[in-house]
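Grab a pencil and have the model open next to you. Try each exercise yourself before you read the solution.

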Amino acid sequence: MIGAILGDIVGSRFEFHNHLNKDFQLLNEGNTFTDDTVMTCAVARAILDCDGDYSDLSSRAVSAMQTIGREYPNCGYGRKFVEWMFTDDPQPYNSCGNGSAMRISAVGFAAESVEQAQEMSAAVTKISHNHPEGMKGAEATAVAIVLARQGKIKDEIRQYVEENYGYDLSITVDEYREMWSGHGREICQISVPQAFACFLEGRDYIDVIRNCISIGGDSDTIAAIAGGIAEAYFGFPICFRDKVRGILDERLWEIVQAFEEKYPGKKKDYDVFDPQQTMEDYKNDVMTCLVDYSCDYGYSEQTARERLETHPEWLQEEFDEGHDPCTAATFIGYCCG
């Protein structure tokens, strides 16, 4: 679920300041976690507390969301959810808000089958977002994560989601960008298909997140939804784990660690050279490492991209010598400094 959390963190500074292209600094001092991360961790905590017996997942989810959520009262919750979170008798309020999908990724990583993901998603979602669209958005997201974990290819995931949930996944990222009209409504009917489009067109995890930011709208939530699916499909770039750790506080990070220990997600290690990798994929991996390094060493992502484009011989030489992407990025990053 760390993929959903990083998506939220990256999107946090763009939610109300939309950026309609993929060229931007991934992380800087303006990034933080929002309600998307807090509720993702709350759902994870509820799942952990069930210890494999999900018969009381709904009640545990209510408890975790209220207990943890109240510790972070100013993270960007919707008004209705704030009322729900602080009442002594929380009842579902027929919401179709995208909050149901943004918090659901832990279900996708804990569930052992599509059917179990559907049951767990319903248990977690009906406690607040019991509108049919709210239920559907959460379930589609959780099931997509399970399908990705099962090794399904993108076309299979697309087909399943379109046939079972009725979303139109033919709209492209470019088309969503052209349709932009501001932040927009924070509902599953809009955000979930947007997130799927960004995932389906992404080359890797980081590219998926860039797609999410580039279409505008509710950036942090779109990236949180797509980020969980992208983690399951592509693997989460290990080099960004410490970045997430540095932004979360101790309480939330402990939940992330405990959940990943019991339900490990897919990781991508950039410290290993793959001789079967295409040059385009190698270039993407080197760029991911450069993005990570740029956060610490002061050169811009744009500078790194320009160096890769204007000096392809550097990349070719690193590949020919069998250097892993991180090693290659260290050399090219040094040249960028």
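**Exercise 1.** Which residues touch the most other members of the largest nonpolar core?

Before we start: this is a predicted model, where local features need pLDDT of at least 70, side-chain atom pairs count only at pLDDT 80 or more, and totals for chains, interfaces and linings use all residues. Residues are numbered from 1 along each chain as its sequence is written, and side-chain values use heavy atoms, leaving out hydrogens and water.

*Solution.*
- A nonpolar core is a set of buried Ala, Val, Leu, Ile, Met, Phe, Trp, Tyr and Cys residues joined through side-chain atoms within 4.5 Å. Buried means under 20% relative accessible area (1.4 Å probe, protein chains only).
- The core has 115 residues, and Met1, Ile47, Met65 and Phe259 touch the most other members.
- Helix H2 gives this core its largest share, 10 residues.

**Exercise 2.** Check the span of helix H2 (residues 35–50).

*Solution.*
- Helices are DSSP runs (H or I, at least four residues), numbered from the N terminus.
- Expected span is 1.5 Å times one less than the number of residues, so the 16 residues of H2 should span 22 Å.
- The end C-alpha atoms are 23 Å apart, which agrees.
- With 14 of its 16 residues buried, H2 is largely enclosed by the rest of the structure.

**Exercise 3.** Is Met85 buried or exposed?

*Solution.*
- Met85 sits in helix H4 (residues 79–86).
- Its relative accessible area is 0%, so Met85 is buried.
- Not counting residues up to four places away in sequence, Met85 touches (heavy atoms within 4.5 Å) several residues, including Met39 and Met65.

Definitions and conventions:
Helices (H or I, at least four residues) and strands (E, at least two) are DSSP runs, numbered from the N terminus. Buried means under 20% relative accessible area, exposed over 50%, partly exposed in between (1.4 Å probe, protein chains only).
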